[in-house]
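Hi,

Here is the structure I promised to pass on.

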Amino acid sequence: GKRPMKSKTHFGPLTGDVSSISQNLRMDKRLTGAKIIDQPLQEIIDLAFRDCIEWWYYSLIGRNLVFLHELRQVTQKVIIAFGNRSKAVDWVPFFTHRLVEDFAAHLRIYRSAEAKCRGKPSSGAIEDAFFDIESEMENTLSFRDICTSSEMEREYLRDLSEVFLYLLLPPDDFHCKPVRL
């Protein structure tokens with residue numbers, strides 16, 4: 001038969017006779033090193049692949065087991081990288097200081113917007129007042145456009161996911177455009 005064609009990324013052979021290759025597809029299932037965490041994570045990956053990926057890819061490319069195996073390995077690499085980077089973060093200041101302050105600021109802005117709009121019957125008045133006060137109090141990005149426009153929200157989430165993929169994927173996989181779609 002045909003020899004499998006090698007790609008320039010970690011997505012290994014993408015064409016050719018996969019019947020002989022599929023028997024040799026082995027995968028290290030360790031993600032965190034803790035079995036009590038790895039087992040539920042593997043179940044989530046299994047369900048995500050079954051419900052979201054396999055049925056979609058089967059309709060597009062057929063039952064290419066090598067492709068699905070490689071995609072699963074990339075998914076596991078991302079989870080492992082996320083876990084390793086999460087271990088390096090000092091979470092105590094984040095949860096005890098930053099998160100609490102951000103939540104309290106959000107409540108202050110909402111209460112100010114609510115007080116400003118008392119007696120005004122317009123349904124969008126609180127929302128407008130909230131974003132006006134937010135832009136006055138915060139000298140950073142205003143989230144008005146992101147929160148009120150589906151298109152801007154999708155663009156923001158796309159940019160955010162690009163940053164996460166850049167931080168978590170191996171360079172060869174990040175530069176493979178189909179992985180990032």
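For exposure, buried is under 20% relative accessible area, exposed is over 50%, and partly exposed is in between (1.4 Å probe, protein chains only). This is a predicted model, with local features needing pLDDT of at least 70 and side-chain atom pairs pLDDT 80 or more, while totals for chains, interfaces and linings use all residues. Residues are numbered from 1 along each chain as its sequence is written, and side-chain values use heavy atoms, without hydrogens and water.

On to the salt bridges (a side-chain nitrogen of Lys or Arg within 4 Å of a carboxyl oxygen of Asp or Glu): the structure has 7.

- Arg 50 pairs with Asp 51 at 2.7 Å, N to O. Arg 50 is partly exposed at 47%, and Asp 51 is partly exposed at 40%.
- Asp 173 pairs with Lys 77 at 3.9 Å, N to O. Asp 173 sits in helix H8 (residues 171–174) and Lys 77 in helix H3 (residues 65–87), so this bridge ties together parts 96 residues apart in sequence. Helices here are DSSP runs (H or I, at least four residues), numbered from the N terminus. Asp 173 is buried, at 0%, whereas Lys 77 is partly exposed, at 29%.
- Arg 144 pairs with Asp 128, with the closest N and O atoms 3.8 Å apart. That pair links Arg 144 in helix H6 (residues 144–148) to Asp 128 in helix H5, 16 residues apart. Arg 144 is partly exposed at 25%, as is Asp 128 at 40%. Asp 128, Asp 132 and Arg 144 are joined in a salt-bridge network.

Cheers

Conventions
Helices (H or I, at least four residues) and strands (E, at least two) are DSSP runs, numbered from the N terminus.
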